[in-house]
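Subject: Structure handover

Hi,

Here is the structure for you to look through. My notes follow below it.

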Amino acid sequence: MIGKFSTGIIALVLGVMLLCGAVSADRVDTLGEHASDRLLIATTTSLDATKLLDLLEEKFNEETGITVEHVAVGTGMALEIARNCDADIVMVHDRVAEDKFIDEGFGADRRVFGYNYFLLVGPENDPAEVAGLNGTAAFIAIEEATAEDPSVVFISRGDQSGTHSREKIMWKKGGYDYEEISTSDWYRDAGSGMGQTLTMTEELQGYTLSDSATWGTYESDLALVPLVENDENFQNVYAVMRVNDEMCPDVNTEMAKKWINFMISDEVQDILQTFGTEKTGLPHFNPGRGSAEVMGVTLEETADPVV
């Protein structure tokens, strides 16, 4: 159903995806074609960059015979693709944006399948002296350090992703107006996925907020170091939901429900317990199973099958 995209939106989505390296131009052109034997997913970049989604798609195909295709963009763009009825499933990590999507009538059967954490990374010499601070204090320290040290810069994804949304929250918690922050000389807008943002941060020896899964994937190739971790405001919860067929009648609702149930199944939850441990010793994502209270969601959101 690519015809529902305006030319401008197609160009924007294609540009973002090529920057992220998530999909080829051919896959962008074909993703919008709904069919009973295909499942189309718009997803956040971390699930793609870690190769978790590739693994899950292969297993789902083995079990159902359904071909699964995805585009990996920021949460905001993933939800926009879904609003244009060009996906059957969205997998994202921004509760405020997710609730709005559901309230608008586009999302249904939201389930939480896992979580990890954000972390603030930067140069080892840490010119803003954020190491050991909590998240809010670290963002304040970065802003204050820029007045004395022109080498201090912050690199933002700037792509309306879940990570970008959390960054905005942290500036607000520090008492800042994001619109003012984002126009500062020391604030750099990458406008791209997490991997590219980390690369830009390395080049500029700046600071950035990253999800732990993508960080674990790129860490060995970077000289950056994690400086602030385990802050209470850094928890990062991942959810899956189907695109409502009442708004988008061509979506593959049957397979979308099966995918949601697949994501909260013991099979996938067991995979999450160990996926990524070969790189860092820790999994890229913690399973949602048994973690409802930790994530601040209901048990039903993590365990109830969709029917």
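Is Glu-80 buried, partly exposed or exposed? Glu-80 is partly exposed, because its relative accessibility is 31%. Buried means under 20% relative accessible area, exposed means over 50%, and partly exposed lies in between (1.4 Å probe, protein chains only).

Some ground rules. This is a predicted model, so local features need pLDDT of at least 70 and side-chain atom pairs count only at pLDDT 80 or more, while totals for chains, interfaces and linings use all residues. Residues are numbered from 1 along each chain as its sequence is written, and side-chain values use heavy atoms, with hydrogens and water left out.

Salt bridges

The structure has 12 salt bridges. The criterion is a side-chain nitrogen of Lys or Arg within 4 Å of a carboxyl oxygen of Asp or Glu. Glu-80 pairs with Arg-83, with 3.6 Å between the closest N and O atoms. Both sit in helix H5 (residues 75-83), 3 residues apart, about one turn of the helix. Helices (H or I, at least four residues) and strands (E, at least two) are DSSP runs, numbered from the N terminus.

Arg-95 and Asp-99 form another salt bridge, at 2.9 Å from N to O. They lie 4 residues apart in helix H6, again about one turn. Arg-95 is partly exposed at 38%, and Asp-99 is partly exposed at 30%.

Glu-301 bridges to Arg-110, with the closest N and O atoms 2.7 Å apart. This pair links distant parts of the chain: Glu-301 is in helix H16 (residues 299-303) and Arg-110 in strand E4 (residues 107-122), 191 residues apart. Both Glu-301 and Arg-110 are buried. Shared partners join Arg-95, Glu-98, Asp-99, Arg-110 and Glu-301 into one network of salt bridges.

Helix H6

In H6 (residues 95-103), the buried residues are Ala-97, Glu-98 and Phe-101. They fall on the same side of H6 because they cover an arc of only 100 degrees around the axis. That arc is taken from the directions from the helix axis to the C-beta atoms. Val-96, Lys-100 and Asp-103 are exposed on the other side of H6.

Elsewhere

Helix H4 (residues 52-64) gives the negative patch its largest share, 4 residues. Glu-62 lies in H4 and is exposed at 57% relative accessibility.

Ser-220 is in the loop between helix H11 (212-218) and strand E8 (225-228). Ser-220 is exposed, at 66% relative accessible area. Its C-alpha atom is 8.7 Å from that of Lys-279, 59 residues apart along the chain.

Best wishes
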